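Subject: Structure for you, with notes

Hi,

Here is the structure I promised. Please open it first, then read my notes below.

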Amino acid sequence: MDHRNDAALQFLATRRSHPPKMMTGPGPDPDQLADLLTLAARVPDHGKLEPWRFVVLGRQTLDAMAPRLRDAVLAAGQDQAAADKAASAMASPVIVAVVFSPVDSPKVPEWEQVLSTGALCLGLVNAALASGWGAAWLTGFAALDQSFAQAHLGIAAHERVAGLIHIGTRGAQPPERPRPDIAAKTEWRP
């Protein structure tokens, strides 16, 4: 095949998210992050609707958000361990909130727009990893609690946080995890 890209195939065969607890600073600077966002935005997008947007959370914002997140988790009835875990997730050098922002369209159902946004999340993780950063796609209370996301991430009532993409300097190599049994997950219809 003339268009085979062995380097890209090797990257995909070995890619591994880097948990935030295994990242250190610094994170990408604004120019580096703009490049990553540009790469991430090269996703399937039926109708060219761009049903997503980014909220970049830097260190100052994350430091201010952590105690508010801890308080919100406790107020929601979760225990101190859950609150501390949620707040500690704000320790990443940079977090990009990928916001699903659906667009009214007579031709493109919302479901396709959701899939485009998910593809963008993975695209951002892969762009960061391929650029040498550590990166992981997480959610958690800050993303899933609509009230918190509206108050602290500035999302609108019709929007949802599809993912919090943590990006920083790689620490130790994370251990490999079990991978799916593709034969058990695949049905062939000749």
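Which residues point one way from S3, and which the other way? Val-94, Val-96, Val-98 and Phe-100 point one way. Ile-95, Ala-97 and Val-99 point the other way. All of them are buried. In a regular strand, side chains alternate between the two faces of the sheet.

Keep in mind that this is a predicted model.

**The annotation**

The UniProt record, an unreviewed entry, puts "domain: Nitroreductase" at residues 14–168. That span is 46% helix and 19% strand. Its end C-alpha atoms lie 19 Å apart.

**Around S3**

Strand S2 (residues 52–57) runs antiparallel to S3, joined by 6 bridges. Strand S5 (residues 160–170) is also antiparallel to S3, with 7 bridges. Ile-95 has a bridge partner in each of these strands: Leu-57 and, in S5, His-166.

**Helix H7**

H7 spans residues 146–153, and its buried residues are Gln-146, Phe-148, Ala-149 and Leu-153. Seen down the helix axis, these fall within an arc of 160°, so they line one face of H7. Ser-147 and Ala-151, on the other side, are exposed.

What do the buried residues of H7 pack against? The list is S2, helix H3 (59–75), S3, helix H6 (141–144) and S5. After H7 comes Gly-154, with a positive phi near 70°.

**The cores**

Which residues touch the most other members of the largest nonpolar core? They are Leu-57, Leu-69, Met-90, Leu-153, Val-161 and Leu-164, in a core of 23 residues. Two or more residues each come from S2, H3, helix H4 (80–88), S3, H6, H7 and S5. H3 gives the largest share, 5 residues.

Leaving aside neighbours within four places in sequence, Leu-57 is in contact with Leu-62, Met-65, Val-94, Ile-95 and Leu-153. Ile-95 is also the bridge partner of Leu-57 in S3. Leu-153 is one of the buried residues of H7.

Best wishes

Terms used
Residues numbered from 1 in each chain as written. Predicted model: local features only at pLDDT ≥ 70, side-chain atom pairs only at ≥ 80, totals over all residues. Heavy atoms only, no water. UniProt positions renumbered as here; feature names shortened; annotations may be inferred. Helix = DSSP H or I, 4+ residues; strand = E, 2+ residues; numbered from the N terminus. Buried < 20%, exposed > 50% of the residue type's maximum accessible area, 1.4 Å probe, protein only. Pairing = 2+ DSSP bridges. Arc of directions from axis to C-beta. Contact = heavy atoms within 4.5 Å. Core = buried A, V, L, I, M, F, W, Y, C linked by side-chain atoms within 4.5 Å.
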